[in-house]
Amino acid sequence: MKPKGVLLVLSGPSGAGKGTICHKLREKRNDLSYSVSATTRSPRKGEVDGKDYFFITIDRFKEMIANDEMLEYAEIYGNYYGTPKPYVMNILDQGKDVVLEIDPQGALQIKKHFPDAIFVFIVPPSLDELTKRIYNRGTDSEEVIKRRLSAATSELEYASKYDYIIVNDEVEKATNKVSNIIDAERNRAVRTFFIVNEICQNGTCEE
Ligand code: 5GP
């Protein structure tokens with residue numbers, strides 16, 4: 001028997017660097033799966049459909065909600081974002097770990113349905129740094145940047161609902177911390193107690 005997979009939810013305000021951490025985590029570990037979200041927002045320069053997001057119409061998004069094809073969804077900055085259900089359920093059914101990079105509204109929906117999921121909140125080292133990162137990204141209009149900045153401070157208030165808070169002052173360090181959390185959570189007794197039963201019944205356990 002295999003331990004149950006870890007469902008890891010990663011959130012944090014725009015500019016906290018959760019996308020970069022996810023990217024680094026991908027480079028470091030090929031034992032994790034990453035859910036590609038669906039969104040109704042337009043692709044930014046360089047974003048690829050099916051890799052960064054599934055870029056879909058509002059009608060299609062609503063159809064997916066109606067067909068119960070979304071694990072969770074939220075309206076953020078005037079666009080819809082959601083996690084397609086079949087991919088995540090399939091990975092978890094195989095006992096594999098999956099990472100969702102979603103906002104706190106979505107994270108709270110996941111918490112209701114998956115009490116064993118792990119919630120990690122990424123924060124910037126300072127508000128100045130957050131502002132700098134959002135501006136430096138250079139992908140959004142002035143209006144969108146302003147909206148993201150004001151949303152960022154209210155989003156920080158959700159942090160207390162998460163299991164872990166990681167300060168992203170250095171991407172490498174923050175990524176290692178997230179990676180270590182996944183390893184530790186894999187060994188949590190709720191996921192691995194069956195190993196003790198195997199040892200008691202068979203005298204040994206399969207790795
Ligand atoms: P962006 O437009 O910068 O790519 O993402 C904006 C926000 O949407 C980020 O906070 C990101 O985490 C969130 N987001 C991305 N995908 C999903 C999703 O599938 N569900 C939810 N609830 N939020 C998402």
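Modeller: A polar side-chain atom of Arg44 lies 2.9 Å from an oxygen atom of the ligand, a polar contact being a pair of N or O atoms within 3.5 Å. This is a predicted model, in which local features need pLDDT of at least 70 and side-chain atom pairs count only at pLDDT 80 or more, while totals for chains, interfaces and linings use all residues. Residues are numbered from 1 along each chain as its sequence is written, and side-chain values use heavy atoms, with hydrogens and water left out.

An N or O atom in the side chain of Arg41 is 2.7 Å from an oxygen atom of the ligand, and for the side chain of Tyr53 the corresponding distance is 2.5 Å. Of the 510 Å² of accessible area that the ligand has on its own, the protein covers 95% (Shrake-Rupley method, 1.4 Å probe).

Around the ligand there are 16 residues, of which Ser37, Tyr53, Glu72, Tyr81 and Asp103 come nearest; a residue belongs here if one of its heavy atoms lies within 4 Å of the molecule. The shell divides into 5 nonpolar, 4 polar and 7 charged residues, where Asp, Glu, Lys and Arg count as charged, Ala, Val, Leu, Ile, Met, Phe, Trp, Tyr, Cys and Pro as nonpolar, and the others, Gly among them, as polar. At least two residues of this shell come from each of strand E5 (70-76) and strand E6 (79-84), strands being DSSP runs of at least two residues, numbered from the N terminus.

Definitions and conventions: Polar contact = N/O pair within 3.5 Å; in protein donor to acceptor, adjacent residues only side chain to side chain. Helix = DSSP H or I, 4+ residues; strand = E, 2+ residues; numbered from the N terminus.
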